[in-house]
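Colleague: I'm new to reading structures like this one. Could you walk me through how strands and helices fit together?

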Amino acid sequence: MKAVIQRVKYSNVKIDGEVVGSCNQGFMILLGVAEGDTKEDADKLLKKVPYLRIFEDENGKMNLSCLDIGGEMLVISQFTLTADCSHGRRPSFIGAAKPDVAIPLYEYFVSGLKAAGISRVETGEFGADMKVELVNDGPVTIILDSKEL
């Protein structure tokens, strides 16, 4: 399972021009579920994401977590994070988990963020054509792979 975490001032996701999810200061997370991923992979990410200290303290040092600042999160499903670009120029997405596996793991991850104490967690719509807008703060972007944690 892969997560691309962007520290944002604001983010939203639209479907057919209508905002379906948003967050203010916090994280916009792109989450990719790969074939073979399990709740254990989601748990590894959940042990890191809410506690990542990438917000600045009073001394300008990245020392505060999303929980520390009362931050919000927007989580977007992103199967293209599983792309295999090792052959040719056209990515293969065969490594992406099928929806019957990916959706429950995506929902499990989202509920885990809420259980960790994130005040507001919103989402896009799994499998939809979404338009994501954000103001990256820093910019700060962190990539986590559950297989490397």
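This is a predicted model: local features need pLDDT of at least 70, side-chain atom pairs count only at pLDDT 80 or more; totals for chains, interfaces and linings use all residues.

Colleague: Okay. What do the buried residues of helix 1 pack against?

Modeller: They pack against strand 1, strand 3, helix 3 (99–115) and strand 8. The buried ones in helix 1, which spans residues 39–46, are D41, A42, L45 and L46. Those residues sit on the same side of helix 1, because they cover an arc of only 140° around the axis.

Colleague: Which strands does strand 1 pair with?

Modeller: When we say two strands pair, DSSP has found at least two bridges between them. Strand 1 pairs with strand 3 (residues 26–32) in the antiparallel sense, over 7 bridges. One place to look is Q6, which stands opposite M28 in strand 3. Strand 1 also pairs with strand 8 (residues 131–145), again antiparallel, over 11 bridges. There, S11 has L134 as its bridge partner.

Colleague: And how does strand 1 pair with strand 2?

Modeller: In the antiparallel sense too, over 5 bridges, with strand 2 covering residues 18–23. Find N12 and you'll see its bridge partner S22 in strand 2. The hairpin of these two strands has 2 residues between them, and D16 takes a positive phi near 50° in that hairpin.

Colleague: Is strand 1 mostly covered or mostly open?

Modeller: Mostly covered: of the 14 residues in strand 1 (residues 2–15), 10 are buried. As a general idea, side chains in a regular strand alternate between the two faces of the sheet.

Note on methods: Residues are numbered from 1 along each chain as its sequence is written. Side-chain values use heavy atoms; hydrogens and water are left out. Buried means under 20% relative accessible area, exposed over 50%, partly exposed in between (1.4 Å probe, protein chains only). Helices (H or I, at least four residues) and strands (E, at least two) are DSSP runs, numbered from the N terminus. The arc is that of the directions from the helix axis to the C-beta atoms. Contact means heavy atoms within 4.5 Å.
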